[in-house]
Amino acid sequence: MTEVLSIFFQLFIFLVIFSFPLTPKILNNNFSQKEKFNFIDTHSINIIFFIYICLIASFLNFDLKLFFKIYFLLSLIFILFNYKTSIFKFNKDLLKIFLIFLLINISIFFYIGQNLKLGWDGLHWIEKTFIFFNNENIQKLSEVSVHPHYPHLGSYLWALFWKNSFSELEYFGRFFYVYFYVVSIFLIVNSLKLKNKFLELSIILFFILITFDPNLFAGYQEYLIFSSLIFASRYILMINFENKINYKFVFLILLTLYTNCWFKDEGLVYFLIFGIIFILFLNISSGSKVLLTIFTISLFIVQYFLQKYVIGIFDFPQKISLSLIFSELVNIKILLTKISKILIHSLIAFVKYPLWIIILLSVIFHFCTIKKFNKKIKYFLICLSLNLLFIFTIFFTFRSFDFMLKVSLDRMFFQTSGFYIVLILLFLKDIKLLKK
Amino acid sequence: MQLGKLNNKKFFLVLLVFFLIILKFFDTPYNLYSILNWNYNERMEQKYGNCKNESWGFYKTISDKFNLERDNIKIINEEGHVTLENLFNIKKDNSNDTKYFILLNYKSKNNESIFNGKYKFIKNYKIKFRENNCYLMERND
């Protein structure tokens, strides 16, 4: 019974700490966007804020318990002072959505509580988690047995919530991944601003049912990238590329994308692709675009220096031999074999994660039904093309090609699929299926 | 029935249907029952096995009995399952002269002793703790 109560309490903790330090009122006053921030938008930005605080805390070797107690206490005080605008104050419609939100979270928490087994990757990520859990120095990350160069933020979050859970059990640390994921689905569907709550709930449930993969909650980091990309896509949806841009918003989007660099190595590629194309699409002067691009690249350099000189290791798991790639490119037999294998495994991945099928169908329907794309759709389509090109290229260069296709292509597809949910929603909007 | 014009009673029914779908999809009642019925260690053992599969139960027993966190330990799971050193903060080492050696799910024929099996280096070790076919061995000083 204590464990069950602890699970409920963990959900309460998430609700409290992610209601701090921003409220819709604060955000709307500061960003002065045409489209206003609501509770779920604010909640998501608070999560991004918290992730950055954790990133900083991880380098400062703060005691996990002390750090958490301070943050939780500040959040509680903040809610008490801002009760009227906090997430705990609802109208009737919101309450119905909120109940489903709670139920989905609790159900997945129980699911993990019963299916405790960690996946292969999870059993290695936990090595890093233990370093933080034991309040050891961050430099020890460079000594772990498998992939020491992988970013550590996911492991830090895992350790933080594990250490500060009521029962202090390992799987409580992974609840953050669940909460992050569920918030992201609610966030993206909420962006439709549907008045029909039944329809909204149906769409939420649909996306949950087709994107829930319990194996990926077994210590894998894929959901962190998946969810943060959904967050970023939601904020991008709020932008009107034709108008003058609020720079605070641009930084919010770039910083949301930047979190990917700290979850997994490939997150860096997503950050650079999605971030730089985003900058190019903005309605700003060329000089500003150059400055923003420099800012984006400098964020990568910051990561490089922190990993190389503070943690003591910066590397990528796969060494690419250009001469080998070139020799394979000119050999038609190898080229065709590799392309066909990648295509076959891509199809398998699409069946495993059917969200991709729906995304691709939406793209096809976009091309068939809409003659002129707006800038938003163009942006996501270009990202999609480059994303697929990246996946094809990176797998082409892998030395253990067949093995990697079997164990990681599907997960790579899954990671970024969240970013393109907007294509489905924009399509539904365009064909006027979703009447507000 | 128009989707946009559900009154409160109908919406309550729809909400109930959603609740049931979610509970069924995530198997929530059973998961709740399981968490209430078996404690964390029991559930871990159900998933990983005591002295079978990954043998989580054996790791747990020897970790509680002996202080293994300080030493490098060679670990072999004869069934080929992934080893769980990271779950117990144990440092795995593949060399043949570690202070401790954990052998899990050892497969032997007839009355063959573990010391006459395929691991030659095992002669340098003595059995410190055994449960079925799982062994914690300590190097002879």
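Two residues are in contact if their C-beta atoms, placed from the backbone, lie within 7 Å. I wrote that down before looking at Ile239(A), which touches Ile245(A) and Phe249(A) when residues up to four places away in sequence are not counted.

The model is predicted: local features need pLDDT of at least 70, side-chain atom pairs count only at pLDDT 80 or more, and totals for chains, interfaces and linings use all residues. Residues are numbered from 1 along each chain as its sequence is written, while chains are lettered from A and ligands numbered from 1 in the order in which they are written.

**Ile239(A)**

I placed Ile239(A) in the loop between α11 and α12 (247-258) of chain A. Helices (H or I, at least four residues) and strands (E, at least two) are DSSP runs, numbered from the N terminus. Is Ile239(A) buried or exposed? Ile239(A) counts as buried because it has 23 C-beta neighbours inside 10 Å. The cut-offs I used are buried for 20 or more other C-beta atoms within 10 Å of a residue's own, exposed for 12 or fewer, and partly exposed in between, with C-beta atoms placed from the backbone. I also checked Ser19(A), 220 residues from Ile239(A) along the chain; their C-alpha atoms are separated by 24 Å.

**Helix α11**

Helix α11 of chain A covers residues 222-237, which is 16 residues. From first C-alpha to last it reaches 23 Å, close to the 22 Å expected at 1.5 Å a residue; the expected span is 1.5 Å times one less than the number of residues. I found 15 of the 16 residues of α11(A) buried, so this helix is largely enclosed by the rest of the structure.

**Chain A as a whole**

I noted 20 helices and zero strands in chain A. Its radius of gyration is 21 Å, close to the 22 Å from the globule rule for 436 residues, so chain A is as compact as a globular protein of that length. That radius is taken over C-alpha atoms, and the rule is 2.2 Å times the number of residues to the power 0.38. The C-alpha trace of chain A spans about 65 × 55 × 45 Å along its principal axes. Buried residues make up 44% of the 436 residues.

I found 28 residues of domain 1 in contact with 23 residues of domain 2. On the domain 1 side, α9 (175-190), α10, α11 and α13 (266-281) each supply at least two residues.

Of its 152 residues, Val178(A), Phe180(A), Val182(A), Ile185(A) and Phe186(A) touch the most other members. Which helix gives the most to this core? It is α9(A), with 14 residues. Both domains of chain A give residues to the core, so it lies between them. Leaving aside neighbours within four places in sequence, Ile185(A) is in contact with Ile204(A), Phe207(A) and Ile208(A).

**Chain A against chain B**

The contact takes 29 residues from chain A and 31 residues from chain B. On the chain A side, α1 (2-17), α5 (92-114), α6 (120-133) and α10 (197-211) each supply at least two residues. The largest share, ten residues, comes from α5(A).

Technical notes:
Core = buried A, V, L, I, M, F, W, Y, C linked by C-beta atoms within 7 Å. Domains from an automatic or database assignment.
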